[in-house]
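This report goes through a single protein chain, element by element. The sequence and the model are shown first.

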Amino acid sequence: STNIVTEQLTRAGQSIERDSFAIVDCEAGAHDYSDAQWQVVRRMIHATADFEFNGLTRFHPDAIAAGINAIQRGAPLVADVEMILAGLSQPRLAHFGIRTYQYIADADVIETAKIENTTRAVQAMRKAHALGVLQGAIVAVGNAPTALLEVVRLIEEEELRPALIVGMPVGFVSAAESKE
């Protein structure tokens, strides 16, 4: 039987997905990931057609278990930008009771960033923290290195404890440092 939460809904879709993952597994070659980690990396490759994720992706030893636990308990998901949220399956999120948040375009975030001469991403993460949605959350950063750096600062200085951080910011300024 098909699990409507995590699988394609039609036989044609299931066949295409199965064949796509078979191609990824064949073309990706050898890897040093655990079975659980490979399930994540192969989906990253499948979504982007970028085989360099095999080898470039790093996991904290507890990341997979922390992510599964967070999803199962319906932890909030806080993203740095709306585009991440647009790419998520609403039925899957609803199945697990996960609410999503992002604040980068909020007027107060923009105004505070201007006043404090910081980025909107920094202020968005500060707002999420002030509202209490970052604690125990899944944090997804796919655009702004400064958002990821701010989450790290909040962890180090303000005792923030998110459940999981997925950090894949883009760009050339501070991106490498934030991923490190």
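A residue is called buried here when its relative accessible area is under 20%, and exposed when that area is over 50%. The model is predicted.

**Helix α2**

By that criterion, the buried residues of α2 are Gln-37, Trp-38, Val-41, Arg-42, Met-44 and Ile-45. They cover an arc of only 155 degrees around the axis, so they lie on the same side of α2. The cover over these buried residues includes α1 (11-28), α3 (53-56) and α4 (63-72). Helix α2 takes in residues 35-48, and its 14 residues, at 1.5 Å a residue, should span 20 Å. The C-alpha atoms at its ends are 20 Å apart, which agrees with that expectation. After α2 comes Ala-49, which has a positive phi, near 60 degrees.

**The sheet**

Four strands are arranged as an open sheet: the 4 strands follow the order β2-β1-β3-β4, and their pairing is parallel. The edges are held by β2 (100-101) and β4 (164-167); each has a single partner strand, so one side of each is left without a neighbour in the sheet. The pairings of β3 are listed below.

| Strand pair | Sense | Bridges | A bridged pair of residues |
|---|---|---|---|
| β1 and β3 | parallel | 3 bridges | Leu-77 and Ile-138 |
| β3 and β4 | parallel | 4 bridges | Ile-138 and Leu-164 |

**Nonpolar cores**

The largest nonpolar core has 21 residues. Those with the most contacts inside this core are Val-78, Tyr-103, Met-125, Ala-128, Val-133, Leu-134 and Ala-147. At least two residues of the core come from each of α8 (120-130), β3 (138-141) and α9 (145-158). Leaving aside residues up to four places away in sequence, Val-133 touches Pro-76, Val-78, Tyr-101, Tyr-103 and Ala-128. Another core, of 11 residues, lies apart from the largest one, and among its members are Ala-75, Ile-98, Ile-138 and Leu-164.

**A buried glutamine and an exposed arginine**

Is Gln-123 buried or exposed? Gln-123, found in helix α8, has a relative accessibility of 6% and therefore counts as buried, the cut-off being under 20%. Its side chain makes a polar contact of 2.9 Å with the side chain of Thr-118. Not counting residues up to four places away in sequence, Gln-123 touches Val-109, Thr-112, Ala-113, Glu-116 and Thr-118.

Arg-11, in helix α1, has a relative accessible area of 74% and is therefore exposed. How far apart are Arg-11 and Ala-105 in sequence and in space? They are separated by 94 residues in sequence and by 40 Å in space, taken from C-alpha to C-alpha.

Key:
Residues are numbered from 1 along each chain as its sequence is written. This is a predicted model: local features need pLDDT of at least 70, side-chain atom pairs count only at pLDDT 80 or more; totals for chains, interfaces and linings use all residues. Side-chain values use heavy atoms; hydrogens and water are left out. A nonpolar core is a set of buried Ala, Val, Leu, Ile, Met, Phe, Trp, Tyr and Cys residues joined through side-chain atoms within 4.5 Å. Buried means under 20% relative accessible area, exposed over 50%, partly exposed in between (1.4 Å probe, protein chains only). Contact means heavy atoms within 4.5 Å. A polar contact is a pair of N or O atoms within 3.5 Å; within protein, one must be able to donate a hydrogen and the other to accept it, and residues adjacent in sequence count only if both atoms are side-chain atoms. The expected span of a helix is 1.5 Å times one less than its number of residues. The arc is that of the directions from the helix axis to the C-beta atoms. Two strands pair if DSSP finds at least two bridges between them.
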